Amino acid sequence: MQISSDEINRLLALAPQSRTQARGAGHTSTVGEHPTAEGAAATVEVSATSQDIQHVQKLLSRVPDVREDRVQALKSAIEKGTYKVSGDDIADLIIRRTLADNAGV
């Protein structure tokens, strides 16, 4: 499954300060300097896009696979008979997921 740009933007919005701090003032950053065989230092630069990808990966690694609080709330609503979902909501979700999954094709 692919993550839509809306989902990426939502994740980036969760921690805007750490994103701008990670980026710094420029569009690229130097990861490290290592001496080469000739003694000169070699540097590696990471683009802003790559930094964004790394940041999103860190945010995603913090998101639990199962949201226990949500599972329990839904389970309780189903047991009480108060869980209702409209057909429009289901259709909307199916369409959005299909578009997101096929966006990179």
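A nonpolar surface patch of about 470 Å² is formed by I78, Y83, V85, I90 and I94. Patches here gather residues with over 30% relative accessible area and no salt bridge, joining nonpolar side chains (Val, Leu, Ile, Met, Phe, Trp, Tyr) within 5 Å and like charges within 9 Å. Accessible areas come from the Shrake-Rupley method with a 1.4 Å probe, and for residues only the protein chains shown count as cover. V85 has a relative accessible area of 40% and is partly exposed; buried means under 20%, exposed over 50%, and partly exposed in between (1.4 Å probe, protein chains only).

Before going further, a word on the model: it is predicted, so local features need pLDDT of at least 70 and side-chain atom pairs count only at pLDDT 80 or more, while totals for chains, interfaces and linings use all residues. Residues are numbered from 1 along each chain as its sequence is written, and side-chain values use heavy atoms, leaving out hydrogens and water.

Now for the overall layout. The protein has 5 helices and 2 strands, and from the N terminus on these run α-α-β-β-α-α-α. Helices (H or I, at least four residues) and strands (E, at least two) are DSSP runs, numbered from the N terminus. Of the 105 residues, 12% are buried. The protein exposes about 8600 Å², with carbon and sulfur atoms supplying 54% of that area. Among contacts (heavy atoms within 4.5 Å) between residues at least 6 apart in sequence, 45% join residues at least 24 apart.

Two helices can be set side by side; the expected span is 1.5 Å times one less than the number of residues.

| Helix | Residues | Length | First to last C-alpha | Expected span |
|---|---|---|---|---|
| Helix 3 | 48–62 | 15 residues | 21 Å | 21 Å |
| Helix 4 | 68–80 | 13 residues | 18 Å | 18 Å |

Which residues of helix 3 are buried? They are A48, Q51, D52, H55, V56 and L59. Seen down the axis of helix 3, the buried residues fall within an arc of 135°, so they line one face of the helix; the arc is that of the directions from the helix axis to the C-beta atoms. On the other side of helix 3, Q57, K58 and S61 are exposed. As for helix 4, G81 comes just after it and takes a positive phi of about 80°.

With a salt bridge defined as a side-chain nitrogen of Lys or Arg within 4 Å of a carboxyl oxygen of Asp or Glu, the count comes to 1. D92 and R96 form a salt bridge, their closest N and O atoms being 3.1 Å apart. These two residues are 4 apart in helix 5 (residues 87–102), a separation of about one helical turn. D92 is partly exposed at 39% relative accessibility, and R96 is also partly exposed, at 48%.

Helix 5 also holds A100, which is buried at 13% relative accessibility. How many residues separate A100 and E7 in sequence? The answer is 93, while in space A100 and E7 are 9.6 Å apart, C-alpha to C-alpha.
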